Amino acid sequence: MPIRMGRRNLLTVLPVIAAGLTASATRVAAQEAASPPGKRSDQTATSKTLVAFFSRTGNTRVIAGQIRRARDAALFEIKAAKPYPEDYEETVAQAARETSAGYLPPLGHFVADLRQYDTLYLGFPIWGMTAPPVIRSFLRGHDLSGKHVLPFITHGGYGLGDSMEVIRALAPAARVADPFSMEADQEKRTLQQVSGWLSA
Ligand SMILES: Cc1cc2nc3c(=O)[nH]c(=O)nc-3n(C[C@H](O)[C@H](O)[C@H](O)COP(=O)(O)O)c2cc1C
């Protein structure tokens with residue numbers, strides 16, 4: 001079964017601003033890709049690409065790395081200022097609480113000089129049939145007006161939920177492409193299988 005939570009109307013949660021969202025977090029330069037000599041780039045001299053992603057168990061991170069190499073892009077890892085718990089169930093519960101309250105967890109850091117990028121690959125896993133709260137924080141905390149946003153989304157088999165609506169609502173002036181999405185391993189399934197083995 002998908003991990004469900006009380007899904008409130010998206011618009012009811014948008015106005016809720018978490019204290020500190022824009023407060024003390026630092027701006028950090030994204031890691032620049034090291035271009036191999038002679039590598040062809042499909043970008044123009046003035047066009048720069050950023051790959052920004054959030055990943056808990058690594059599925060989305062692998063895709064981010066591949067995009068980075070293929071597009072000679074810079075890489076930025078989206079993180080909450082206070083990391084999510086290591087425990088899976090605690091993370092599910094916290095994410096459900098945050099999403100239903102419209103809470104935007106403060107970001108650990110912001111992209112420095114976002115103006116230099118005109119293309120943004122945005123990656124995240126589906127949490128509770130929507131985008132993780134920290135992705136809402138990222139979208140709220142960065143002005144993506146005029147950017148070409150290409151989402152890449154992983155999920156455990158239950159699809160994208162309302163995540164594309166979230167992106168479009170929180171980046172209304174961006175040009176948002178259809179997403180690349182794929183089913184990937186679920187931590188929950190791994191934990192269940194290992195529990196079965198350990199208790200056999
Ligand atoms: C808190 C939490 C909630 C999740 N909720 C869903 C869900 O609603 N639907 C789904 O298909 N997968 C769900 N998953 C599975 C992840 O979307 C999937 O495993 C994803 O590929 C993880 O990406 P990552 O390794 O980059 O973190 C959830 C995972 C976590 C940790």
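Which residues are buried in α4? In α4, these are Pro-133, Val-134, Ile-135, Arg-136, Ser-137, Phe-138 and Leu-139. The legends below place this helix in its surroundings. The model is predicted: local features need pLDDT of at least 70, side-chain atom pairs count only at pLDDT 80 or more, and totals for chains, interfaces and linings use all residues. Residues are numbered from 1 along each chain as its sequence is written.

**Figure 1. Overview of the chain.** The chain contains six helices and eight strands, where helices (H or I, at least four residues) and strands (E, at least two) are DSSP runs numbered from the N terminus. Their order from the N terminus is α-β-β-α-β-α-β-β-α-β-α-β-β-α. Of the 200 residues of the chain, 31% count as buried. A residue is buried if 20 or more other C-beta atoms lie within 10 Å of its own, exposed if 12 or fewer, and partly exposed in between, with C-beta atoms placed from the backbone. Among contacts between residues at least 6 apart in sequence, 85% join residues at least 24 apart; two residues are in contact if their C-beta atoms, placed from the backbone, lie within 7 Å.

**Figure 2. Helix α4 and its cover.** Helix α4 spans residues 133–141, and seven of its nine residues are buried, so it is largely enclosed by the rest of the structure. The cover over the buried residues of α4 includes β2 (49–53), α3, β5 (119–125) and α5 (163–170). Ile-135, one of the buried residues of α4, touches Phe-54, Ile-78 and Phe-124, not counting residues up to four places away in sequence.

**Figure 3. The largest nonpolar core.** A nonpolar core is a set of buried Ala, Val, Leu, Ile, Met, Phe, Trp, Tyr and Cys residues joined through C-beta atoms within 7 Å. Of the 37 residues in the largest such core, Leu-50, Ala-52, Ile-78 and Ile-135 touch the most other members. Two or more residues of this core come from each of β2, α2, β5, α4, β6 and α5.

**Figure 4. Strand β2 and its partners.** Five of the five residues of β2 are buried, so the strand is largely enclosed by the rest of the structure. Thr-49, Val-51 and Phe-53 point one way from β2, Leu-50 and Ala-52 the other way. Strand β2 pairs in the parallel sense with β3 (residues 74–77) over four bridges and with β5, also in the parallel sense, over five bridges; two strands pair if DSSP finds at least two bridges between them. In β3, Leu-75 is the bridge partner of Val-51, while Phe-76 stands opposite Ala-52. In β5, Ala-52 has Leu-122 as its bridge partner. Together, β2, α2 and β3 make a right-handed β-α-β unit, a crossover being right-handed if, with the strands pointing away from the viewer, the path from the first strand over the helix to the second runs clockwise.

**Figure 5. The surroundings of Phe-152.** Phe-152 has its place in strand β6. Phe-152 is buried because 20 other C-beta atoms lie within 10 Å. The C-alpha atoms of Phe-152 and Gly-123 are separated by 4.6 Å, although the two residues are 29 apart along the chain. Not counting residues up to four places away in sequence, Phe-152 touches Ile-63, Ile-67, Tyr-121, Gly-123, Pro-179 and Phe-180.

**Figure 6. The shell around the ligand.** The ligand is surrounded by 26 residues, of which the closest are Ser-55, Asn-59, Thr-60, Pro-125 and Gly-156. A residue is near a molecule if its C-beta atom, placed from the backbone, lies within 6 Å of it. At least two residues of the shell are supplied by each of α2 (59–71), α3 (88–101) and β6 (148–155). The shell divides into ten nonpolar, twelve polar and four charged residues; Ala, Val, Leu, Ile, Met, Phe, Trp, Tyr, Cys and Pro count as nonpolar, Asp, Glu, Lys and Arg as charged, and the others, Gly among them, as polar.

**Figure 7. Two loop residues with positive phi.** Asp-72 is found in the loop between α2 and β3, and its phi is near 55 degrees, a positive value in a residue other than glycine. Asp-72 counts as partly exposed because it has 18 C-beta neighbours inside 10 Å. Met-129 lies in the loop between β5 and α4; although it is not a glycine, Met-129 has a positive phi of about 60 degrees. With 18 other C-beta atoms within 10 Å, Met-129 is partly exposed.
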